[in-house]
Structures are given as structure tokens and as C-alpha cells.
Amino acid sequence: GAAKLGHAGTLDPLATGVLPIAFGEATKTVAYAMAAAKRYRFGVRWGEARDTDDADGAVTETSDARPAEADILRVLPEFTGTISQVPPAYSAIKIDGRRAYELARKDLKPELEAREIRVDRIALCAAPDRDHAEFEVECGKGAYMRGLARDIALRLGTVGHVSWLRRIVVGRFS
């Protein structure tokens, strides 16, 4: 029966995990939860770029190149701190009053500008085979794990996409 409902950030359709929801007077706290640090775990599939930057999209490019674990570990520091990131075309960012994903679904190729995001920590958790790797990231507001996976793959001389994604922490919620 609450008159108001709010949430602390959207989750990608592919994603699972924590999504704080507030009702009634608690909606006044949503801004604090949205600004809080977040932690994600996700898998990357090397060798395939997808239009959505995740497993739900259509393959747009392939590569036979696969990164060695040592190479992955070598480039991760480049993705820590305040970095520049172009959000995925399939994102909730508004362009002239419309969501980027609405434009992308109509093949209108939204032009998204790079913006600064904060990545506090990124760790390689596993590399179960040459096609896959698993990461854990602690970051601030506005960081897209799909964009991070895409950019790490490109830096490693291949292409890649998020194969699975789980938000495990939002501020004090886990």
C-alpha cells in the first residue's frame, strides 16, 4: 500500500543479485544507496563481441586471439582508479530524452560520450579455460561491467563480452 516506490539503480536483463528497493518514506534514502560503492562478479567470454556487450546480444565480431592469464593480470591496473568509459549502446542513459537502449533496439546506433567512472578494485578470480575468465570489481556509481569487459578484451588484443553478471553488494546491502 505504499504510495511511493524507488530503487537503487537498474540491473541489466542478464544480471542477478542485489537491487535495493525502497517504499514510502524510505524512498528518500535511494540517492544514498545509488551513490554507494558496488561490487560485482562477472564472467567474460573472449573471442566474441556482441552488440549488447553481453551474452544476450548478437555476435558482431570474432577473434581467434585469447589472452594469457599473465597478460590479463598485467593490464588490470590500467582499469583501476578514475578511468574513462564509453557506456554500452544498450544502456539506460538518456539521449535527447530517450533511453540509449531504445535507440539501439531500432538500429539507430546511439552516440554515447566517454565519462569518468571509479574502479576501486578489479581482480581476476578464475580463468577456467582459454575462452573464459571471471572477475570481481568494486566500483562507484555509473560503471558498466559490460563496458569494462569489452575494454579489457580490446586492450588484450581480442574482443569479448559479459557471459554472466551478478551484483553482490550495494553499499551496506549484500
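**Figure 1. Overall view: contacts across the protein chain.** Of the contacts (heavy atoms within 4.5 Å) between residues at least 6 apart in sequence, 66% join residues at least 24 apart. The model is predicted: local features need pLDDT of at least 70, side-chain atom pairs count only at pLDDT 80 or more, and totals for chains, interfaces and linings use all residues. Residues are numbered from 1 along each chain as its sequence is written, and side-chain values use heavy atoms, with hydrogens and water left out. The protein chain holds four helices and 12 strands. Helices (H or I, at least four residues) and strands (E, at least two) are DSSP runs, numbered from the N terminus. The radius of gyration is 17 Å, close to the 16 Å that the globule rule gives for 174 residues, so the chain is as compact as a globular protein of that length. That radius is taken over C-alpha atoms, and the rule is 2.2 Å times the number of residues to the power 0.38. Along its principal axes, the C-alpha trace spans about 55 × 35 × 25 Å.

Figure 2. Buried residues make up 44% of the 174 residues. Buried means under 20% relative accessible area, exposed over 50%, and partly exposed in between (1.4 Å probe, protein chains only). The accessible surface comes to about 9,500 Å², and 50% of it belongs to carbon and sulfur atoms. Areas come from the Shrake-Rupley method with a 1.4 Å probe; for residues, only the protein chains shown count as cover. There are 26 positive and 25 negative side chains, with the centres of the two sets 7 Å apart. Lys and Arg count as positive, Asp and Glu as negative; His and the chain ends are not counted. Each charge is placed at NZ of Lys, CZ of Arg, CG of Asp or CD of Glu.

**Figure 3. The six-stranded open sheet.** The strand order is β2-β12-β4-β11-β10-β7, with mixed pairing. β2 (16–17) and β7 (81–85) stand at the edges with a single partner strand each, so one side of each is left without a neighbour in the sheet. Two strands pair if DSSP finds at least two bridges between them.

**Figure 4. β10 and its two antiparallel partners.** β7 pairs with β10 (residues 115–129) in the antiparallel sense over five bridges. Gly81 stands opposite Val119 of β10. β10 also pairs with β11 (residues 132–139), again antiparallel, over seven bridges. Leu124 faces Phe135 of β11 across this pairing. β10 and β11 form a hairpin, with two residues between them.

Figure 5. Glu113 lies between α3 (100–105) and β10. Glu113 is exposed, with a relative accessible area of 69%. Leaving aside residues up to four places away in sequence, Glu113 touches Gln85, Val86 and Pro87. Asp56 is 57 residues away from Glu113 in sequence and 23 Å away in space, C-alpha to C-alpha.

**Figure 6. Helix α4 and its packing.** Eight of the 11 residues of α4 (residues 145–155) are buried, so the helix is largely enclosed by the rest of the structure. The buried residues are Met145, Arg146, Gly147, Leu148, Ala149, Arg150, Ile152 and Ala153. They pack against β4 (38–46), β7, β10, β11 and β12. Just after α4, Gly157 adopts a positive phi of about 80°.
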